[in-house]
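Please read each point beside the coordinates.

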Amino acid sequence: MMPNQRDTKPVSKAIVEVEGLTKTYDGKFKAVDGVSFQIEEGEIFGFLGPNGAGKSTTINMLTTLLSPSSGQAVVCGFDVHKHANDVRRNVGIVPQEYTADEDMTGMANILLCADLYGIPRSDSKPHAMELLNLVELQDAANRKVKTYSGGMRRRLELACGLINYPKLLFMDEPTLGLDVQTRAAVWKYIRMLKQEYHMTLFLTTHYLEEADSLCDRIAIIDHGHIIKIGTPTELKDGIGGDVIVVGVADGEVDLSPDIGKLELVKEVKKNGNEYRIKAESGEEASPQIMDLIRSKGLHVTKISLTKPSLDEAYLELTGRTLREEETNRWATMSQRITMARARS
Amino acid sequence: MDSSKVPEEKLTRTTTVQETVPESVEPPVPRSMPKLNKSPLHGLWALTLRDLRKWYTNPYQLLISLIQPVVWLGIFGKALNFGTFISQSGASPAVQNQILLSTFGTKSYFSFLSVGMLASIILFTAAFSGMSVVFDRRFGFLNKALSTPVSRGAIVVSKVLQSGVRSLIQAGMVLLIAVVLGMDVSNFSVIGLLGAFTLLFFMGFALSSLFVTLALRSSDWQTQMAIINLLNLPLLFASNALFPVKIMPTWLQYVVKFNPVSYAIDGARQLLLGTAGVPSGIYNPLWLDFTVITAFAVALTAVGVVMSWKLLTK
Ligand SMILES: Nc1ncnc2c1ncn2[C@@H]1O[C@H](COP(=O)(O)OP(=O)(O)OP(=O)(O)O)[C@@H](O)[C@H]1O
Ligand SMILES: [Mg+2]
């Protein structure tokens, strides 16, 4: 599958180094604007962002499909502009769109990919079969791709992306439009690639839970800018602790100054009859807050405690939720599917 | 790490993880990367074969492409045969033959037109080679190819090559049909056939390079159709494919002289129909036909390969 790296200790070394990467379309629109980051060998790095944030544009530059308008990118030790072919040989790509040839079988598609990498058939034939086994497509290997379901096609793209023994695999929205089960399967493959083969993975996603559970580090990107990079925990901690929402019977009296004086409380916002309180340790802070409200002779109507999630971190950083954009997403996706159907 | 010190909880967790991975996805033993073929031609044949396979597994495409030349052979070659004007003129057969030979270079207009139709089918096949680039871009396959180290030139040349192979086979079929319908075979020879098809192949190569290059940046098949219409019919009608140059107005004769298609047809006619008894001035010297067509093919293919470096990455 992979260059034999099992014996080598994972060393912390940057496999991707990006500095001020920019892509300008049509001379004025900056789809990616001065992005800088590093990916360490062996980690799963995620790009999280809404539609049009510039995720695919970044991936396309790192995989040499687009040439950067300015900035530097070194992938697997090679400059994407000067040594494009070396980059191409070392990375694997699972693109956002389906790129397999529908008139060919799954097997033929993988073998064609291998030919384009210059891998001799003596190696690519057994390897293709292994990869089809890996993504559980062995039974569909000799069926034309036009008979595949969306999930099968995604998995075929994954197998194609692995044919050249990549050190680094780029996956552009690997689970977009997949059902829960197939998504779980893709997650399983991703974890396996990291654990068993010490592969480095770069994935883009707009699913927060996906970024949270899979990625070692996440970059939140919006309007072509990276807003924040960190581990999921760091991003969650960054929003400043747990959120407690307390409802009080009488909204006339403003208790914010008093609540704010409590030691664990960091921030209080009053909104009608409700207080939105950020506190360091929610479990300890809530009883204190309740006591305080009662001591003022007021009645607590409801209380809720939310542990920080990436959702909130995202909301905090970008000022909107990703969920709002879900509808849009599906419009795009169904358009893509229609286009694919129009072919056959 | 000393395994006895691993906490029990960690041990059990490891085992559960292994159990949940089904046996079928048990990761294969890592194999090392084989030695890669890094020649600039690697992948060329694989890409060519991909297109050819699509073509020969779809017999309708082949049949449809044969309709146009066969219909034209019927309409222009049989129903509206030019030669009949001369044969109905009342002149003696010897004089008639002389007029036919000095107009068409052969005693049969149908044979004259047949060679033109060989060129016509090659022209049309070449024109649509650009279309397959547009569709590859549209359906993502081109991006897949571009993300591999296959040389950009090989992508272009594979398109040209597949079109060349297809047009040769289709031209062979048109020739067969023409012979069945009465084309003069008295001057056929192995060398003549090889020479004629070499010329036609080079012409197809040159023209598909042209159309593929024009399609490199496009993902829009309507534009591509417009380009095909814009170039195709003038290339055909402003050539010696359908009518002899002699009967054309002078300005058109100049256009025909600059149209490379005319040189391929000129050479192919001499090689297939013979030159016995044909007055001088009807045909170009063969060496000229070969030189022009070879230069045309080399130049346009070179342009295509060079442009591919520029146009295929954005
Ligand atoms: N070829 C192009 N010409 C002009 N603008 C483009 C082009 N490709 C992308 N864009 C624009 O660049 C921006 C970033 O696009 P990109 O595809 O990178 O977004 P993304 O983060 O991948 O979004 P999605 O989640 O929808 O895939 C978008 O506003 C898009 O409209
Ligand atoms: Mg995208």
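1. Two strands are taken as paired if DSSP finds at least two bridges between them. On that basis, in this predicted model, chain A contains an open sheet of four strands in the order 2-1-4-5, with antiparallel pairing. Strand 2 (29-40) and strand 5 (78-79) of chain A stand at its edges with a single partner strand each, so one side of each has no neighbour in the sheet. The pairing of strand 1 (residues 14-25) of chain A with strand 2 of chain A is antiparallel and rests on eight bridges, and within strand 2 of chain A it is V35(A) that stands opposite L21(A).

2. Strand 8 of chain A (residues 200-205) deserves a separate look, because six of its six residues are buried and it is therefore largely enclosed by the rest of the structure. The cover extends to both faces, with T200(A), F202(A) and T204(A) buried on one side, and L201(A), L203(A) and T205(A) buried on the other.

3. Which strands are joined to strand 8 of chain A by five bridges and run parallel to it? One is strand 3 (residues 44-48) of chain A, joined to strand 8 of chain A by five bridges in a parallel arrangement, where G46(A) has L203(A) as its bridge partner. Another is strand 7 (residues 168-172) of chain A, likewise parallel to strand 8 of chain A and joined to it by five bridges, and here D172(A) stands opposite T204(A). Strand 7 of chain A, helix 6 (residues 180-197) of chain A and strand 8 of chain A together make a right-handed β-α-β unit.

4. E280(A) lies in the loop between strand 13 (274-279) and helix 10 (282-295) of chain A, and it counts as exposed, because its relative accessible area is 52%. Its C-alpha is 5.4 Å from that of L264(A), although the two residues are 16 apart in sequence.

5. Chain B has 13 helices and zero strands, and 49% of its 314 residues count as buried. The largest cavity, with about 50 Å³ of space, is lined by residues of this chain, including L47(B), R50(B), D51(B), F141(B), I155(B) and K159(B). Helix 2 (44-56), helix 7 (141-146) and helix 8 (152-180) of chain B each supply at least two residues of that lining, which by class has five nonpolar, one polar and four charged residues. The count of cavities of 30 Å³ or more comes to six.

6. The second largest pocket holds about 1,300 Å³ of space and is lined by 40 residues, among which D103(A), K54(B), N58(B), Q61(B) and S132(B) lie nearest its centre. Helix 2, helix 3 (59-79), helix 6 (109-138) and helix 8 of chain B each supply at least two lining residues, and the largest share, nine residues, comes from helix 6 of chain B. By class, the lining of this pocket divides into 14 nonpolar, 13 polar and 13 charged residues.

Key
Residues are numbered from 1 along each chain as its sequence is written. Chains are lettered from A and ligands numbered from 1 in the order in which they are written. This is a predicted model: local features need pLDDT of at least 70, side-chain atom pairs count only at pLDDT 80 or more; totals for chains, interfaces and linings use all residues. Side-chain values use heavy atoms; hydrogens and water are left out. On a 1 Å grid over the protein atoms alone, a cavity is a set of points where a 1.4 Å probe fits but cannot get out, and a pocket is an open set with protein on both sides within 12 Å along at least five of seven lines; lining residues have an atom within 4 Å of a point. Grid points are joined across faces, edges and corners, and a volume is the space filled by probe spheres set on the points. Ala, Val, Leu, Ile, Met, Phe, Trp, Tyr, Cys and Pro count as nonpolar, Asp, Glu, Lys and Arg as charged, and the others, Gly among them, as polar. Buried means under 20% relative accessible area, exposed over 50%, partly exposed in between (1.4 Å probe, protein chains only). A crossover is right-handed if, with the strands pointing away from the viewer, the path from the first strand over the helix to the second runs clockwise.
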